[in-house]
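Good morning, and thank you for coming. I would like to take the group through one structure, from its overall content to some selected contacts.

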Amino acid sequence: MENAHETPAQSEQRFRRLLEAAPDAMIIVNGPGEIILVNSQTEKMFGYTREELIGQSVEILIPERFRGSHEAQRMRYMGGPYVRPMGAGFDFYARSKEGREFPVEITLSPLETEEEGVLIISAIRDITDRKRLEKMLRQQAQVFENIYDSVILTDQAGRIIDCNPATEKMFGYAKKELLGQPPRIWHRPAESAELTAEIIEGLKEHDRWSGRINFVRKDGSAGMCEVVVVPVHDEDGRQVATIGVSHDITRQTQEEEALRRQRAFLRQVIDLSPSFIYARDRQGRFTLINQTGANYYQTSVEALLGKTDADFIENPTEAVAILNEDLSIMDSLKDFGPEIRLINIQGGTRWMQVIKRPLLDEHGVANQVLGVATDITALKHAEEILRESERQYRSVVDNVKEVIFQVDPAGLWTFLNPAWTEITGFSIEESLGTNFLDYIQLEDRPRVVELYQVLLQGEIEYYWHMPGIVTKTGSLRWLEIYARPTLADDGTITGMSGTLNDITDRRRAEQALLASETRFRTLATHAPVGIFQTDAQGECIFVNKRWVEISGTSSVQAMGRGWTKVLHPDDREAVLAEWQAAARAGREFSQEYRFQIPEGTVTWVFGKATPLRDEKGEITGYLGTIIDISERKRTELLEKDRNQVLEMISQNRPLKVVLNALVQLVERQYSELLGSVLLLRDGRVYHGAAPSLSESFTQLVDGLALSAILKTQDMAAYRGETLIVNNMADTSNKDGYRDLALQHNLRAYWSAPIFSSDGALLGLFTSYYRQPNKPTSEERQLVRMAGRLAGIAIEHYQLTEQLVYQAQHDALTGLSNRPLFEDRLQQAIAHARRNDCLAGLLYLDLDQFKQVNDSLGHTAGDALLRQVTERLQGCLREEDTLARLGGDEFAAVLPELESPHAAAAIAEQILEITTAPFIIRGQELRVTISIGISLYPTDSPRADELLSMADNALYRCKQQGKNSYQFYTSEVDEMVHR
């Protein structure tokens, strides 16, 4: 209903936007086949500009050889577009401006217009790519069906699920006999189990199996075939089936076909090879390359064929050197390599082991070179990494701040790095061979011994402990021990190894931090704002009491990533993105967002967090606060919604749209409230807006008398007071209206009156609750404001309707004026055209009206016109339109006539009603009427011509003595214009 008052200009503008947004070329053609409108996609597809297309025949877009048949098809379609199904697609060929022909798919739809009759909308889609794909799929299917070798697809259980016709021919079985059977159906029983095991083992180890198989055909004859079996994997790498290709080599006459299949197999092997395999001609152009090679060049095989190394290698000198090397190999007919070299291929530098040999043609001439390059970059890097690792290991061990140690089963040190001396003061030489327990303070030794024994027995994989260590000076330092068992090659435990980390400073800092945290938590618990703390990854580690109150969740639920679950679903993505951006940049986080607890309550907050850094400047977490800004947000939203409603009113938006926006304004402020606007008309109420109420409830309420809602004791609403019913189930004044509300799960309601500017009651702003409730003072104040806006909107709508009515109706008689009459005439013609029927036009004129005006005055003449109007309306049908065109001239539009006699019958009835006198100021007056009649489409298909023809018929009627009716004929036209 939102577009019910849309102007034709707005409708046309919306229609043009839809055309421009369409992904297809959209062309609108009139009856004669002229293009009247295209979209931008049409320009792109055909290469013409809009100016070049508008006014041209649509055949300009059709190849010349099809234009004659297309024009005939178009004429047939225009002859009956209403009985043919629209929207059916069919293939066609189009022609662009430069003469390119391409296949298209066209969908035709008829469009009825009042001005130009039936238009045809053509949606055109270029299907060149789809045709190419369909052709390729057909070719692939044909290839499978026409493969000379047997191709068999088996599932994981080894059952045949598909095979080609060559399989039937080779083994003598029909396809339906093979489906569901294992391939051993044609193997000798003695060989079947062994062969199956060999194939399975080959697939497991090499991901393929190939070999020769002796087989027995259905007729009992024996044969031999070469078979290749490979697994089929899905996109996740899981084997889902097996393909077996069998070549019958029983008869040597099939050698040529065997060679073809061998080449195909070789192509597959080449593409599956991890080595870069290629062939180049004397110009350096690639004539063969496998997928591995294409991957190195970061392109496709097709893109490489015909290209040279110069197109991909960054250094031109290197490309020339490779070409000269190839020419030397071809000229000398000598193999090259293997040689390890560094090659700069587009995308990076690679170590390659290269082997080349000349390729001879059938004349023994070498015009190509075959190369195999194996990428050993990873091997080279691994060798370098190993050498570097050995150097770094010694450097790390000697310079690391942690003690790295090894002890034997007796607990004696067998290895210590220099960090041991820095921490304890004991040298490595004096410590090796001594027992590690001698350095641990006495109270910690029992626990360390227990852990060490359990470790040596293999009961645990590692242990972690923090004992005190006595240094050479006698001071105590705290070390963190991490130890694992040391294993021999046979898996036996030969001791333990691990690290010792000095945590003395950390232990002291932890004790100080514990005291600081105690003070912080005491302060945070009683702070008036929400306080939270996270680690560096955004995991929550603390929230205070006020944060819990604002968020509506518990502190336990907020820990870790739990705090993100309280974020409003519409805000969660933006908040987390901003938080991550702040964390990456190491900056402060600040943002307004919403919390939503499971019950649905929404709270607006302003959150701000500052990064916490350690002594090195690294972020260790965030400390932040949140402030409840719900009231400010509610006020901002209310002001925004109020201004939007006022703007809607000023833009003459439909009343229902404005009232819906008003109700939603209230509901957004108080989500538990369900609002509605009841409009008062003739003592009854009708819903002007109720977006959250069920349609079944509003339909039952619409049309109820106002007194059914406002009982005697409730009539306070007429005095401007608010009616409140806290619990409809408990009220002593039950009635039908409240029963309806209870049936629709509405338990409480209250109504506020809506008044006009002069104090007239226009309706009620009624609010409902799902549970017994009563409005707060804030809710009542908001609804009163909404009621005032509703009154403004309703009065504005009523004034607009009144102005529209006055603009379309005669002030004296209340009949349609000339503009409205012309619009109704156009509608009648369009309706008659669609339904293939007649429409009529009566042109009426009072015969003695001037004498009445001259003798009795204009007041009497006006009274006479009003009485004539009443009698004329009594003669017309409900669907007819009577209009006053000016003075004593009237016209009537008669849509959908069965025959000309129907128009004559109405005219005769009009003549009949004027026989009785008219009483004006107590005097009897007699007037008669002359009537001219024209018909659509008999006389003309155009409204202006029909009006002119009816006027000529009226004039002829006047010439013949008045007080009669006359149909338009060509003779009438000649007599009038003599």
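The model is a predicted one, in which local features need pLDDT of at least 70 and side-chain atom pairs count only at pLDDT 80 or more, while totals for chains, interfaces and linings use all residues. Residues are numbered from 1 along each chain as its sequence is written, and side-chain values use heavy atoms, with hydrogens and water left out.

First, the chain. Its secondary structure comes to 32 helices and 38 strands; these are DSSP runs numbered from the N terminus, with helices being H or I of at least four residues and strands E of at least two. The chain has 978 residues, of which 40% count as buried. Buried means under 20% relative accessible area, exposed means over 50%, and partly exposed lies in between, with a 1.4 Å probe and protein chains only. Where contacts (heavy atoms within 4.5 Å) join residues at least 6 apart in sequence, 47% of them join residues at least 24 apart.

Next, the helix pair. How are helix 22 and helix 26 oriented to each other? Helix 22, residues 655-669, packs against helix 26, residues 777-808, at an angle of about 175°, and the axes are 10 Å apart. Here the axes are lines fitted to C-alpha atoms, for helices over the stretch in contact, and angles run from 0 to 180 degrees between N-to-C directions. The two helices are therefore roughly antiparallel, the class for angles over 145 degrees; under 35 would be roughly parallel, 65 to 115 roughly perpendicular and the rest oblique. On the helix 22 side the contact includes L655, L662 and Q669, and on the helix 26 side it includes M785, L789 and Y797. By class, this contact has 15 nonpolar residues, one polar and no charged. Ala, Val, Leu, Ile, Met, Phe, Trp, Tyr, Cys and Pro count as nonpolar, Asp, Glu, Lys and Arg as charged, and the others, Gly among them, as polar.

I turn now to the aromatic rings. The whole structure holds 19 aromatic pairs. Rings of Phe, Tyr and Trp (its six-membered ring) pair if their centres lie within 6.5 Å; planes under 30 degrees apart are stacked, over 60 edge-to-face, and the rest tilted. F276 is buried at 4% relative accessibility, and Y278 is buried with a relative accessible area of 4%. W413 and Y439 also form a tilted pair, with 6.3 Å between centres and 55° between planes. This pair links distant parts of the chain, 26 residues apart: W413 is in strand 17, and Y439 is in the loop between helix 15 and helix 16. W413 is buried at 5%, and Y439 is buried at 9%.

Two rings carry a charge over the face. A charge sits over a ring if NZ of Lys or CZ of Arg is within 6 Å of the ring centre and within 35 degrees of the ring normal. R681 lies over Y686 at 4.3 Å from the ring centre, and R871 has its charged end over F918, 3.7 Å from the centre.

Finally, two single residues. D862 lies in helix 29 and is partly exposed at 30% relative accessible area. G961, in the loop between helix 31 and strand 38, is exposed at 53%. The C-alpha atoms of G961 and D847 are separated by 9.7 Å, although these residues are 114 apart along the chain.
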